[in-house]
Amino acid sequence: MIQVNDEVEAEKSASKKKTRTTEKKEQLLPSMIKNKEKRSEVHAKLKRQKKLEKRAKAKARDAALKRALELGEEPPEKKAPRTIENTREFDETVCKPDDEELFAGNDADEFRSILNQQQTPKILITTCRFNSTRGPAFISELLSVIPNAHYFKRGTYDLKKIVEYAKNKDFTSIIVVHTNRREPDALLIIGVPDGPTAHFKLSKLVLRKDIKNHGIPTSHKPELVLNNFTTRLGHRMGRLIQSLFPQEPEFKGRRVVTFHNQRDFIFFRHHRYIFETKEVKKAESKGKKDKDGKSENVAEQKTIARLQECGPRFTLKLISLQHGTFDTKGGEYEWVHKVIFLLTNLLFQFLV
């Protein structure tokens, strides 16, 4: 009996060792191998294996679809790809079309006089104290994009004094272009006289001269397109951007200004649409043929619409939203971008 028990224990220990070795082999990753040649060899082997598995799955799907069509059955459902948009966390602040509280808030917010066309927007554009070489070029293009915008040199004036000056001169908004290392890197939009103050990070700036086949905009009032500002915060940002532009676009100018929000990044584009007449050759019916017996091609004029980018092109990211006008010490913040929160909630979006 003692010998039998010893044999059973030995078998158990041997099976445990085998499972441990198989687990080690399964867990072996290319990054765990120190030898460079061996590591690249294992990586190539794993890559080849994944490719073969993917091809086998695709062949199985095609075979199942072909079989279902032959038998007259319903084809298997297509699997939706996993993306950030369809795996994002549910946000309770998404605006609904029948939200009475939202519409009541619109009638009482800081932008109601401009958006109800009781007041025309008048924008003051200035810079930070230390301006750069690319800053003035960006500001001149902003002046061509936003109607009724005026540039004032910053000098040594404090921002609070500029806000008071804007209040006295009936300006509705202030845009401050901040530069760092000779490159514009932030925008500060201040609503006058009651706020709010929005701080945006500016990135991927492309000026008009750097855009291939760019157009030159006219002085007409542009159309404004806002996409994917669906949450409460996004709705408020959309109204802030809307308050910078006149509410009566001049369609004769064929100008379009777009703010497209995707994953909390706001992409800015400025286009003009062009109508062109092009000759399209159309083959006539079989009855009409030329001397060689070939069918005749008749030229037909067709109107085609296309977009021409006018520039500039940049991307905005909301950093903070503050109640009232600019106040770094005693200001109350509505919303602040928090990196710690984003590390735990990567699938959460605030503006969409």
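These legends describe close-up views of a predicted model.

**View 1. Strand β4 pairs with strand β5.** The two strands run antiparallel and are joined by 5 bridges. Ala186 has Lys201 in β5 as its bridge partner. Together, β4 and β5 form a hairpin, with 5 residues between them. Gly195 sits in the turn and has a positive phi of about 90°. Pro193 lies in the loop between β4 (183–191) and β5 (197–206). The peptide bond leading from Val192 to Pro193 is cis, with omega near 10°.

**View 2. Strand β5 also pairs with strand β10.** Here 8 bridges join the strands, which run antiparallel. Ala198 stands opposite Leu321 in β10. Pro312 is found in the loop between β9 (297–309) and β10 (313–322). The bond from Gly311 to Pro312 is cis, and its omega is near 0°. Most peptide bonds are trans.

**View 3. Lys204 and Arg254 have positive phi values.** Most residues other than glycine have a negative phi. For Lys204, phi is near 55°. Lys204 belongs to strand β5. Lys204 is exposed, with a relative accessible area of 69%. Phi of Arg254 is also near 55°. Arg254 lies in the loop between α7 (232–242) and β7 (255–262). With a relative accessible area of 25%, Arg254 is partly exposed.

**View 4. A salt bridge links Asp158 and Arg129.** The closest N and O atoms of this pair are 3.9 Å apart. Asp158 is in the loop between β2 (149–151) and α6 (159–168), and Arg129 is in the loop between β1 (123–127) and α5 (134–145), so the pair ties together parts 29 residues apart in sequence. Asp158 is partly exposed, at 36% relative accessible area. Arg129 is partly exposed too, at 47%.

**View 5. Arg134 and Asp210 meet in a salt bridge.** The N to O distance is 3.9 Å. Arg134 lies in helix α5 and Asp210 in the loop between β5 and β6 (223–227), so this pair ties together parts that are 76 residues apart in sequence. Arg134 counts as partly exposed, at 22% relative accessibility. Asp210 is partly exposed, with a relative accessible area of 48%.

View 6. Lys167 is partly exposed at 31% relative accessibility, and Glu164 is partly exposed at 44%.

**View 7. Glu110, Arg236 and Glu334 are linked in a network of salt bridges.** The structure holds 11 salt bridges.

Technical notes: Residues numbered from 1 in each chain as written. Predicted model: local features only at pLDDT ≥ 70, side-chain atom pairs only at ≥ 80, totals over all residues. Heavy atoms only, no water. Helix = DSSP H or I, 4+ residues; strand = E, 2+ residues; numbered from the N terminus. Buried < 20%, exposed > 50% of the residue type's maximum accessible area, 1.4 Å probe, protein only. Pairing = 2+ DSSP bridges. Salt bridge = Lys/Arg side-chain N within 4 Å of Asp/Glu carboxyl O.
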